[in-house]
Amino acid sequence: MAVTVKEITLWRREIGNQPGTLASVLEPLAKSAADVQVLMAYRYPGDETKGAVEVFPISGKKTTAAAQSAGLAPAGIPALLAEGSNRAGLGFEATKAIADAGINLAFVVAHVIGSKFSAVYGFDTEADRRKALSLLKKAQKKR
């Protein structure tokens, strides 16, 4: 499987840290038949009463309306999604290429299922995202 790296728009909402809050945000998306590929939900360090949920993709009129009804909005966090065949050392190579270019990661969330990986990289600026997109594509070609 070829590796793909693309710019994405995360949709985000701050939530209270209570049972059922995440499910209530996801319900309108489920009812709209949204096919969510990325879901991140977490508490804020230092304030365990609050947290956030982030999802991708949100596209099309029906799904966009459902996301908005759930209180989600485009996050404005420059992010990339990388997907492809996994191999040992891939995460190191990607983060090293980013670090060597002087780019700070705001966050990274990655996982492997079977032989495939998926990673979401977040950046401080749009310029960093554009630069990292090029770096990640080059790093993947070296495989």
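What is the volume of the largest pocket? I began there, keeping in mind that this is a predicted model, and I read off about 170 Å³ for that pocket. Of the 18 residues in its lining, I noted those closest to the centre, which are Gly91, Ala110, Phe117, Ala119 and Tyr121. I then looked up which elements give two or more residues to the lining, and found helix H3 (90-100), strand S7 (105-113), strand S8 (116-123) and helix H4. By residue class, the lining of this pocket divides into eleven nonpolar, six polar and one charged.

Confidence came next. The chain averages a pLDDT of 93, and 97% of the residues score at least 70. I recorded that confidence is lowest in H4 (residues 126-141), with a mean of 88, and highest in strand S5 (residues 73-74), at 98; H4 is also one of the elements that contribute to the pocket lining.

I turned to H3 and listed its buried residues, namely Leu90, Ala94 and Ile98. Viewed down the helix axis, these fall within an arc of 65°, so they line one face of H3. The general rule I had in mind is that an α-helix has 3.6 residues a turn, so residues three or four places apart point the same way. On the other side of H3 I found Phe92 and Asp100 exposed, and after the helix comes Gly102, with a positive phi near 80°.

I repeated the exercise for helix H1 (residues 21-31), where the buried residues are Thr21, Val25, Pro28 and Leu29. Down the axis of H1 these fall within an arc of 105°, and they therefore line one face of the helix. I looked up what they pack against, and the partners are strand S2 (11-16), strand S4 (47-56) and helix H2 (61-69). Ala30 and Lys31, on the other side of H1, are exposed.

Terms used. Residues numbered from 1 in each chain as written. Predicted model: local features only at pLDDT ≥ 70, side-chain atom pairs only at ≥ 80, totals over all residues. Heavy atoms only, no water. Buried < 20%, exposed > 50% of the residue type's maximum accessible area, 1.4 Å probe, protein only. Helix = DSSP H or I, 4+ residues; strand = E, 2+ residues; numbered from the N terminus. Arc of directions from axis to C-beta. Contact = heavy atoms within 4.5 Å. pLDDT = per-residue confidence, 0-100. 1 Å grid on protein atoms, 1.4 Å probe; cavity = no way out; pocket = protein on both sides within 12 Å on 5 of 7 lines; lining within 4 Å. Points joined across faces, edges and corners; volume = space filled by probe spheres on them. Nonpolar A, V, L, I, M, F, W, Y, C, P; charged D, E, K, R; others polar.
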